[in-house]
Amino acid sequence: MHQTHFIVREPLLDPKQRVIGYELRWQQRDGQPLGDADLERLVAFVADHVVDEEQGWLLRDKILFLDAVPAMLSLDALHALPPERTVLSLPVRDLANPDTRAAVQALRAGGVGISIRGADLTLLGKNLSPFASYAEVRFAGADVAAQARAYAAAKQSALRLVGRPVSTWQDFDACAALGLDAFVGKLHLTPRPGNPVKGMNPAQTIILQLMQMVQNNEDVPKIEAVLKRDPALIYKLLRFINSAGFGSGRDIQSLRQAIAMLGYAPLYRWLVLLLATASTSGYSPVLMETAVVRARLCELLGQTYLPRSEGEHLFVAGMFSLLDRLLGLPMKEVLDTIQLPEQVVQALLGRDGVYGPYLALAEACELNSDLVASLAASLDISPLDVNKAHLSALAWAQNVAA
């Protein structure tokens, strides 16, 4: 299936809007349901790309939710995934089969999570811990708060409830207050109402100035002087340069050393990451993580098809594609304050130009859009390459030290 279908993702949020995991699935094409073998291939493909022989689990503290069928419960590929980070989602009707129940209990005993879909209030009140660690509850109609209250009252304490869909921030807050544990959906892409903060904060203003200085190849002492105006930036830069992931091999203690060691192009990328993640506009952490994944995915999608020098522009286009929401400003107004190449501006304003289609494809992968296949075809990128880039970007984003 990795040769013909595309992996799409949705984040799972906790009540504080932090990403606790991702739900991955093959995008269905032509309305045809996926067979047992297709879902088995999804598990094997994901395991191959998010577990490294030396580094282990590449997604750090994230949990993966994967659609499952009974035939998958004894799949060898499951043994390649860390059980404490793996959750298989099954329709509750599958538990009527005694063989399925036995297989589920064996997985639960080994630490694998099981999420059940379609459980009613009566079933949630029973002891489901031998069979499930999560239960997905779906909301219908207008009174989401009343439904959430009923679910929370019915659930046993050991069972975690995942709500879907939660379409407004008012409903999100009601569900969080009433005891639901996680939420799936795209609510994070919409602004919270009543947010008074707009524009760049002082830290972002300094970061923007530094970005422009790096673009203009200003001397290191001048860049160092601006950095010294924000102790938090100094701390973050030294922490980043001395991190195991950067691998400098020696302890860097001065700004001048850090800038010289990093180099201007990587310094610019680091500043791009900081500009988005330094937002105090009230947006959720998931929006910032989405921006990082999107930026890296844009870059990876273009690696084979564009000159190497274009990678930074793709990264910036992906990262800044959510900057309007992070700052609470229209994109045109954001771009008036930042000097960017015209092709990047075209991508951000209309998904046009050289970089626009790559950005649109990266977005489609997180929205389960019908455009994924057509966008990939227009760029001559195979489903296999898109899926590899997607999982690689997801892993990379977990290890960014901002």
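## Briefing: barrel, helices and nonpolar cores

Strands S1 and S2 form a hairpin with 5 residues between them, and Gln-17 in the turn has a positive phi of about 65 degrees. Helices (H or I, at least four residues) and strands (E, at least two) are DSSP runs, numbered from the N terminus. This is a predicted model, in which local features need pLDDT of at least 70 and side-chain atom pairs count only at pLDDT 80 or more, while totals for chains, interfaces and linings use all residues. Residues are numbered from 1 along each chain as its sequence is written, and side-chain values use heavy atoms, with hydrogens and water left out.

**Barrel**

- A barrel is closed by 8 strands in the order S1-S2-S5-S6-S7-S8-S9-S10, with mixed pairing; two strands pair if DSSP finds at least two bridges between them.
- From one strand to the next the twist averages 30 degrees; axes are lines fitted to C-alpha atoms, for helices over the stretch in contact, and angles run from 0 to 180 degrees between N-to-C directions.
- Strand S1 (residues 7-13) pairs with S2 in the antiparallel sense over 7 bridges, and the bridge partner of Leu-12 in S2 is Gly-21.
- S2 and strand S5 (residues 63-67) run parallel and are joined by 4 bridges; Leu-24 has Leu-66 as its bridge partner in S5.
- S5 also pairs with strand S6 (residues 86-91), in the parallel sense over 4 bridges, where Leu-64 has Thr-86 as its bridge partner in S6.
- In strand S2 (residues 19-26), 7 of 8 residues are buried, meaning under 20% relative accessible area, with exposed over 50% and partly exposed in between (1.4 Å probe, protein chains only).

**Helices**

- Helix H2 (residues 98-109) lies across S6 and strand S7 (113-117), running at about 140 degrees to S7.
- The end C-alpha atoms of helix H18 (residues 383-398) are 23 Å apart, which agrees with the 22 Å that its 16 residues should span at 1.5 Å a residue; the expected span is 1.5 Å times one less than the number of residues.
- H18 is mostly covered, with 12 of its 16 residues buried, including Leu-384, Asn-387, His-390 and Gln-398.
- Those buried residues pack against S1, S2, helix H1 (36-50), H11, helix H16 (356-367) and helix H17 (371-378); contact means heavy atoms within 4.5 Å.

**Nonpolar cores**

- A nonpolar core is a set of buried Ala, Val, Leu, Ile, Met, Phe, Trp, Tyr and Cys residues joined through side-chain atoms within 4.5 Å.
- The largest core has 143 residues, and Leu-124, Phe-320, Leu-340 and Leu-361 have the most contacts inside it.
- Helix H11 (residues 285-302) gives the largest share of this core, 11 residues.
- Another core, of 9 residues, lies apart from it and has Ile-63, Phe-65, Tyr-134 and Val-162 among its members.

**Aromatic pairs**

- The structure holds 6 aromatic pairs; rings of Phe, Tyr and Trp (its six-membered ring) pair if their centres lie within 6.5 Å, and planes under 30 degrees apart count as stacked, over 60 as edge-to-face and the rest as tilted.
- The ring centres of Phe-65 and Tyr-134 are 5.0 Å apart with planes at 75 degrees, so this pair is edge-to-face.
- Phe-65 lies in S5 and Tyr-134 in strand S8 (residues 134-138), so the pair ties together parts 69 residues apart in sequence.
- Trp-169 and Phe-172 form an edge-to-face pair, 5.3 Å centre to centre and 65 degrees between the planes; both lie in helix H5 (residues 169-177).
- Trp-169, Phe-172 and Phe-183 form one aromatic cluster.
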